[in-house]
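Open the model in your viewer and keep the selection panel at hand. Each stop below says what to select next and what is there.

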Amino acid sequence: MRGHLPQALRGRRTLAVFALATVPGLAFAPSALASALTPEKGGSPAANHIWSLYLITLIIATVVFAGVEGTLLYCLIRFRARKGREAKQLHGNTQLEIGWTVGAALVLVALAVVTFLDLREVRDPVNSGPGGLDLSGSQYVTTGSLKPPNGRALTIDVIGMQFIWQYVYKNYSPSPDGLGTPYSYYQMVVPTNTTVILHVSSKDVVHEWWIPKLGAKVQAVPGYTNYTWFKISKPGNYAGQCSFLCGRGHARMIAEVTAVPPAKFIGWLHSQESALHSADVHAEACRQELNSSGGSQSGEFAKNC
Ligand SMILES: [Cu+2]
């Protein structure tokens, strides 16, 4: 007889229903599936702050969801229609209604305060060091609207173009070695423990720079410069991609940031300068050979160029 279960049995059944409603919520809680449910972190302070803000919001949302759904399921079962029972007609409950309105408003206010406090940490760069690149040279005084408190950082132009990223190390323009401004494609090499400020723009259509472990997405817009920053403490590779559909080759527009100790970075920068300079000299020689031959390509030209 469903309608006349003993009190103890009804209590156990209620408990089972509540467990069924909350266990899935707990199983999917952030600690159980941290990397699947939250943004990536561990590369840069900005990414870590985005992660913590997301986690706080997720926990509050999970608690609210479990509370609301648990109460709903409990009421659906506990007060379901039964033979011989008649529903009592009620009109509102002022205390309850004020309670859940004020409660929801307080949750939103708390989330807004935490968000605005955390967003400052995401947006504002920190100073370089300790253990980073020596930024005492005048070329490291930052230009642009985003700068750390001491005004010094390694600045790199990130230029999106269909379908590759170019990185120009503008602190070296003009290069101290007189070999031209170093740049690279696809792989950006940076020194560890150093504040790096990116000036992001585009040569053609809108792209979007995104290395998930280093922070938020930044749009690369033609004719406009956007700014972002990161500071990596652990050497390693940080993968990303263009995250804004920019044409047929969008899926191939991947990016990689490689963090190395400062001494290794300086070595890489110099080898990059030399390689680019050699390529320029070689291209100029080929151009001259082509000009002197009136445009016809000799066997020697084909072999060397
Ligand atoms: Cu794209």
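**Stop 1: the five-stranded sheet.** Select the open sheet with strand order S3-S2-S1-S5-S8; its 5 strands have mixed pairing. Strands here are DSSP runs of E with at least two residues, helices are runs of H or I with at least four, and both are numbered from the N terminus. Two strands count as paired if DSSP finds at least two bridges between them. This is a predicted model: local features need pLDDT of at least 70, side-chain atom pairs count only at pLDDT 80 or more, and totals for chains, interfaces and linings use all residues. Residues are numbered from 1 along each chain as its sequence is written.

Strand S3 (183–185) and S8 are its edge strands, each pairing on one side only. From one strand to the next, the twist averages 25°. Axes are lines fitted to C-alpha atoms, for helices over the stretch in contact, and angles run from 0 to 180 degrees between N-to-C directions.

Now pick S1 and S5. They pair in the parallel sense, over 7 bridges. Gly 160 stands opposite Ser 202 in S5.

**Stop 2: the three-stranded sheet.** Select S4, S10 and S9. They form an open sheet of 3 strands in the order S4-S10-S9, with mixed pairing. The edges are S4 and strand S9 (236–241), and each pairs on one side only. Neighbouring strands of this sheet are turned by 20° against each other on average, direction ignored.

S4 and S10 run parallel and are joined by 5 bridges. Find Val 189 opposite Thr 258 in S10, and Pro 191 opposite Val 260 in S10. Is S4 enclosed or in the open? Of its 5 residues, 4 are buried, so S4 is largely enclosed by the rest of the structure. A residue is buried if 20 or more other C-beta atoms lie within 10 Å of its own, exposed if 12 or fewer, and partly exposed in between; the C-beta atoms are placed from the backbone.

**Stop 3: the largest nonpolar core.** A nonpolar core is a set of buried Ala, Val, Leu, Ile, Met, Phe, Trp, Tyr and Cys residues joined through C-beta atoms within 7 Å. The largest one has 33 residues; Ile 156, Val 158, Val 190, Val 196, Leu 198 and Val 257 touch the most other members. Among the elements that give two or more residues to this core are helix H3 (45–78), strand S1 (154–161), strand S5 (195–202) and strand S10 (254–260). At least three residues come from each of domain 1 (7–78 + 97–123) and domain 2 (138–274). Those domain bounds come from an automatic or database domain assignment.

Center on Leu 198. Not counting residues up to four places away in sequence, Leu 198 touches Ile 156, Val 158, Tyr 227, Thr 228 and Trp 229. Contact means C-beta atoms, placed from the backbone, within 7 Å.

Stop 4: Select H3. Its 34 residues should span 50 Å at 1.5 Å a residue, and its end C-alpha atoms are 49 Å apart, which agrees. The expected span is 1.5 Å times one less than the number of residues. Pro 45, Ala 46, Ala 47, His 49 and Ile 50 are buried in H3. The buried residues of H3 pack against H4 and S8.

Next, take helix H4 (residues 94–123). Its 30 residues reach 43 Å from first C-alpha to last, close to the 44 Å expected. How many residues of H4 are buried? The number is 0, so H4 lies largely in the open.

Go back to H3 for Trp 51. Trp 51 counts as partly exposed, with 18 C-beta neighbours inside 10 Å. Leaving aside neighbours within four places in sequence, Trp 51 is in contact with Thr 38, Pro 39 and Lys 41.

**Stop 5: backbone details.** Most residues other than glycine have a negative phi, and most peptide bonds are trans. Select Gly 129 and Pro 130: a cis peptide bond joins them, with omega about -5°. Pro 130 is in the loop between H4 and S1. The bond from Gln 162 to Phe 163 is also cis, with omega near 0°.

Finish at Tyr 186, in the loop between S3 and S4. Tyr 186 is not a glycine, yet has a positive phi of about 65°. Tyr 186 is exposed, with 12 other C-beta atoms within 10 Å.

Note on methods
Contact = placed C-beta atoms within 7 Å.
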